[in-house]
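Open the model in your viewer and keep the selection tool ready. Each stop below gives you something to select and then says what is there.

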Amino acid sequence: MKRPTILVLGAGYGGLTTVVNLQKFVNVNEAEIILVNKNDYHYETTWLHEVGAGTISPDKARYPISTVINQNVTFVKANVESIDVNLKKVETSSGEFTYDYLVIGLGFEGETFGIPGLKDHALSLTNINTARQVREHIEYQFASWTLDDIKDDSKLTIIVGGAGFTGIEFLGELGNRIPELCREFDIPQEKVRLLCVEAAPTVLPGFDSELVDYAKAQLTKKGVEFSIGTPIVEATEEGVKIKKGDEDVEFIKAGTVVWAAGVRGNALVESSGIESHRARIAVRGDMRSPDFEDVFVAGDCAFLLNEETGRPYPPTAQIAMQQGVIIAKNIKHLMYGEPTEQFVYDDKGAVCSLGDNDAIGTAFGRKFTGKRASALKKVVDDRALYLVGGVGLTVKKGKFKFL
Ligand code: FAD
């Protein structure tokens, strides 16, 4: 009998967790496991704010996929170009693949909500390359300011669109990096402006209000200004226009604009033949797509409702990894004609970094701030490494500066 082919698209948190669990549950005689990913490395998406601010190197935030997969898995470095679930075909830059079971784990893309100019003029923290571009762009602006005879201080203005998790974590890192950059480029720090622009009336929606107040106060001390309830309505080569009242639109000139205010699933999902909303597929309880028995969806391409609150689960690494485990188990169940298991989210809390040695978070039913929250964040980061690559990877890539 032909071994079934399990095709996993994307080696992010969801896809790679699926694969490392499949290689535990399924041996090479039982199934062929193929993993397709754009790069031959996995990057820690949850560390991209550090790469973007320049507080860690891109290499610190990534590792070769070959270090965590075994001989049961065939890795293909290729760009997925299209998915057709009706024909059971996936086109990639390395040829066409077919499958018996498909796992879509292609992650997220920035959602610009149709705001004019954002796609062309704002940078983003979407992958290792865009994060590296953010770091190098900021350094370039600082370096070129020093060369100008007539100084334009707006080159030193950094606008971050969005006061959600990504925006706040990035601002926290910038709070640490800017003093270093100012020393490096001989720039008086008061010339640098760090501005967070948010359309919603609050910072970090969903977080405890006491923790949000702490985060805002700490970032304000680091020089961050907040403009809340003021949507960006246009981005240009020179900066952004923000809406301050019904009629009032202000233009803010800036050398750097980083958009961190919304995500959607990977656009490839929209032409796959499966119904989606903002490229996210409303999955069944066992993580399969609604109409296709052989297609699973992991991570930010999946949309899952929290039955208790009636609200969707947020797109997070924590959920993506838990989904990867259940998907691997359910593929094995299907291979042996057994009933599948339902995904039950085990919420371990959330920690938002505010830069070096500072953070806010909730875990074990308690609130944490400052160094203790920051230590917790490092434990969370190290745990993600451990779950995929064990002790070896954790020792190599982990964060151990707890005080
Ligand atoms: P990803 O981990 O993004 O992986 C997608 C993979 O697919 C990548 O390897 C990519 O290269 C690959 N890929 C994409 N397109 C193609 C293609 N066409 N062909 C081949 N390969 C492709 N979540 C938390 O739980 N905690 C946090 O503290 C946290 N902090 C965050 C901080 C930042 C700065 C950001 C940006 C996100 C943060 N998140 C956090 C959210 C979290 O990172 C995402 O929810 C998570 O990465 C989703 O996992 P995924 O497997 O769906 O996608």
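Start with residue classes: Ala, Val, Leu, Ile, Met, Phe, Trp, Tyr, Cys and Pro count as nonpolar, Asp, Glu, Lys and Arg as charged, and the others, Gly among them, as polar. This is a predicted model, where local features need pLDDT of at least 70, side-chain atom pairs count only at pLDDT 80 or more, and totals for chains, interfaces and linings use all residues. Residues are numbered from 1 along each chain as its sequence is written, and side-chain values use heavy atoms, with hydrogens and water left out.

**Stop 1: the second largest pocket**

Select Glu50, Glu173, Asp356, Lys378 and Lys399. Of the 20 residues lining the second largest pocket, these are the closest to its centre. A pocket, on a 1 Å grid over the protein atoms alone, is an open set of points where a 1.4 Å probe fits, with protein on both sides within 12 Å along at least five of seven lines; lining residues have an atom within 4 Å of a point. The volume here is about 400 Å³, counted as the space filled by probe spheres set on points joined across faces, edges and corners. By class, the lining has 11 charged, seven polar and two nonpolar residues.

Now show helices H2 (48-53), H5 (165-185) and H8 (370-397), which each give two or more residues to this lining. H8 gives the most, with four. Helices (H or I, at least four residues) and strands (E, at least two) are DSSP runs, numbered from the N terminus.

**Stop 2: the largest cavity**

What is the volume of the largest cavity? About 70 Å³. In a cavity the probe fits but cannot get out. The whole structure has one of 30 Å³ or more. Select Arg280, Gly299, Ala302, Pro314 and Ile319, the closest to its centre among 13 lining residues. Eight of the lining residues are nonpolar, three polar and two charged. Helix H7 (317-335) and strand S21 (302-303) each supply at least two. H7 has the largest share, three residues.

**Stop 3: two domains**

Colour domain 1 (5-38 + 78-110 + 263-347) and domain 2 (112-261 + 348-403). These bounds come from an automatic or database domain assignment. The domain centres, taken over C-alpha atoms, are 30 Å apart. In contact (heavy atoms within 4.5 Å) are 11 residues of domain 1 and nine of domain 2.

**Stop 4: salt bridges**

A salt bridge puts a side-chain nitrogen of Lys or Arg within 4 Å of a carboxyl oxygen of Asp or Glu. The whole structure has 27. One crosses the interface of domain 1 and domain 2. Next, select Lys348 and Asp346: this salt bridge has its closest N and O atoms 2.6 Å apart.

Finish at Lys2 and Asp100, a salt bridge with 3.5 Å between the closest N and O atoms. Lys2 lies in the segment before strand S1 (5-9) and Asp100 in the loop between strands S8 (95-98) and S9 (101-104), so the pair ties together parts 98 residues apart in sequence.
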